[in-house]
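Subject: Structure handover

Hello,

I am passing on the structure we spoke about. Please look it over first, then read the notes below it.

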Amino acid sequence: AAAAAAAKPAASKRAAPPAAAPAPAAKKAKPMEEAKPEPSAEPAAFAAAKRFSGARRGCVFKKGPQGLGYYRDEPPRPTTAPRGAAAAAPAAGGWRKLGAGIECLELSKAALSGPGASKGAKVRVKYAGTLTTGRQFDAGQISFKLGSGEVIKGWDFGIEGMKVGQRRRLKIAPQLGYGARGAPPDIPPNATLLFEVELLSLGGGKGGGNGGGGRVQGPGLFGGHSATLLRRECLVEPAPPERFPVYTLTFRNPDALSRLGMGVNIGTGDVVKVCVPNYKPKSYSMSAAREGEFDITFKVYPGGRASGYLDSIAVGQSIDVFPMGKKARHPGAFVGLVAFGVGITEALPLAAIELSEAEAESVRLLWCSKSSGDTFWREWAARLAATYPGRFELVDTFTREDVPGARRGRVDAATLREVFDGVWGTLPGGENEARRGEVRFTSVGTKEMMRAFDVTLGEVGYPMPAHALLKKPGE
């Protein structure tokens with residue numbers, strides 16, 4: 001019934017009289033009426049059912065006020081506004097197109113006051129999501145920043161303009177949901193999604209309940225799949241207030257994503273999205289992938305929502321995750337990697353993959369940390385240097401400690417010339433000056449650190465993204 005409403009509003013069918021029936025004398029039309037079948041009887045307002053048993057004309061299967069079952073899909077009723085005045089509330093019942101691939105049906109009947117939700121606003125929404133078959137795949141409550149891409153595009157479009165207390169039904173086409181890929185096993189490929197949403201708060205509010213048993217961050221919004229924690233290892237012991245702990249968590253691959261590492265390609269900068277309850281999905285690098293399991297290595301920050309959530313997971317418990325990646329490798333002969341702090345969790349695995357590629361003649365990794373006590377994976381770096389003699393070197397620079405054999409200070413233009421160009425011979429006048437076009441860089445850290453690093457690269461003659469090892473589409 002919902003699919004039929006999407007193609008043509010039910011109002012148009014009910015408002016238009018039969019073409020052959022003369023008006024208004026129904027009795028004179030008797031011969032014509034006898035020649036046509038009687039229209040089907042209007043379905044009952046509610047019919048209880050424990051499970052979905054197929055589509056019923058004029059009904060939608062859902063869990064509603066009277067329980068689980070088939071509810072009559074109420075047709076729109078024409079509304080009239082006082083002459084010269086606006087209607088008190090949006091017309092209930094009429095599907096309205098918000099844009100390509102998104103329609104909404106206003107469910108609120110009372111007049112609402114206050115501002116409407118706009119891009120950039122923090123909103124809290126109660127929702128229930130179903131497929132067009134009537135099967136519910138998710139329900140709950142969530143807070144997010146509207147228009148920032150934290151949820152599927154259909155939500156960013158469909159929630160905009162709503163007022164606190166307003167309820168809508170959204171019909172979201174595949175291109176604004178999960179597209180050709182879907183979110184198996186809950187959402188099939190090319191699925192149209194139906195959501196009933198209610199705006200609970202606008203401009204603030206933290207996460208809360210799960211809407212009567214649904215997952216707060218479930219596949220309805222992010223496509224998460226359950227991954228069970230198998231092991232945890234402490235790499236850096238905490239020493240407050242200067243040093244925070246670092247852990248490696250090993251998870252079992254979700255059943256629905258059985259490929260090695262869930263299909264995450266570490267060599268192209270793919271990430272694991274962790275669905276953090278009452279928060280947005282957080283990106284983490286996959287530090288290792290083995291048959292049937294994968295690792296996430298992370299630092300626990302005081303008050304950190306995402307890192308604190310991961311730290312709270314006990315062996316045997318599960319989290320919701322999904323893979324994400326948009327970049328492509330742009331190979332070069334000279335590869336420079338810069339890791340700021342815990343960014344080494346992405347940079348060192350990437351260095352290992354680059355060393356396995358024939359194009360990379362030299363891979364150099366500059367690791368900028370506060371002190372030597374914040375570092376780890378020394379054995380792994382030593383193994384890479386021994387396996388690829390003359391092709392790999394890890395260079396340390398510390399900002400708060402003098403360590404023999406390491407640099408002291410922050411990463412600046414002089415550092416880049418010395419650590420990279422000076423060794424590769426790519427400085428002006430150097431033996432490989434003509435090969436500067438084969439130099440590639442990538443950095444891993446906070447967004448502010450990476451932006452500042454790109455500026456510094458421009459100062460030494462390597463503008464980004466022209467010299468980026470990993471590029472986004474269109475760069």
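Predicted model: local features only at pLDDT ≥ 70, side-chain atom pairs only at ≥ 80, totals over all residues.

Overall

The protein has 475 residues, and 44% of them are buried. It contains nine helices and 22 strands. Among contacts with a separation of 6 or more, 65% are between residues 24 or more positions apart. The accessible surface is about 23900 Å², and carbon and sulfur atoms account for 53% of that.

Strand β8 and its partners

Strand β8 covers residues 167–172, and five of its six residues are buried. Strand β5 (residues 102–106) pairs with β8 in the antiparallel sense, over five bridges. Within that pairing, E103 has K171 of β8 as its bridge partner. β8 also pairs with strand β9 (residues 193–202), again in the antiparallel sense, over six bridges. There, L170 is bridged to F195 of β9.

The loop between β8 and β9 holds N190. This residue is not a glycine, yet N190 has a positive phi, near 55°. For context, most residues other than glycine have a negative phi, and most peptide bonds are trans.

Helix α8

Helix α8 (413–424) has twelve residues, and the distance from its first C-alpha to its last is 16 Å, close to the 16 Å expected at 1.5 Å a residue. Its buried residues are A413, T415, L416, V419, F420, D421 and W424. They lie on the same side of α8, because the arc they cover around the axis is only 160°. What do the buried residues of α8 pack against? They pack against the strands β17, β18 (362–369), β19 (392–398), β20 (407–408) and β21, and against α9.

At the start of α8, a side-chain oxygen of D412 comes to within 3.3 Å of the backbone nitrogen of A414. Just after α8 comes G425, with a positive phi of about 75°.

Helix α9

Helix α9 runs over residues 447–459. Its 13 residues should span 18 Å at 1.5 Å a residue, and the end C-alpha atoms are 19 Å apart, which agrees. The buried residues of α9 are F453, T456 and L457. These cover an arc of only 105° around the axis, so they sit on the same side of α9. They pack against β17 (334–340), α8 and β21 (439–444). On the face turned away from the buried side, the exposed residues are K447, E448, R451, V455 and E459.

After α9 comes G461, which has a positive phi near 95°. The loop between α9 and β22 (470–471) also contains P465. Is the peptide bond that joins M464 and P465 cis or trans? The bond is cis, with omega about 10°.

One more backbone detail

W377 is in the loop between β18 and α7 (378–387). Its phi is positive, near 60°, although W377 is a residue other than glycine. Is W377 buried or exposed? W377 counts as buried because its relative accessible area is 14%, and the cut-off for buried is under 20%.

Regards

Technical notes: Residues numbered from 1 in each chain as written. Heavy atoms only, no water. Buried < 20%, exposed > 50% of the residue type's maximum accessible area, 1.4 Å probe, protein only. Helix = DSSP H or I, 4+ residues; strand = E, 2+ residues; numbered from the N terminus. Pairing = 2+ DSSP bridges. Expected span 1.5 Å × (residues − 1). Arc of directions from axis to C-beta. Contact = heavy atoms within 4.5 Å. Polar contact = N/O pair within 3.5 Å; in protein donor to acceptor, adjacent residues only side chain to side chain. Areas by Shrake-Rupley, 256 points an atom, 1.4 Å probe, with all protein chains shown as cover.
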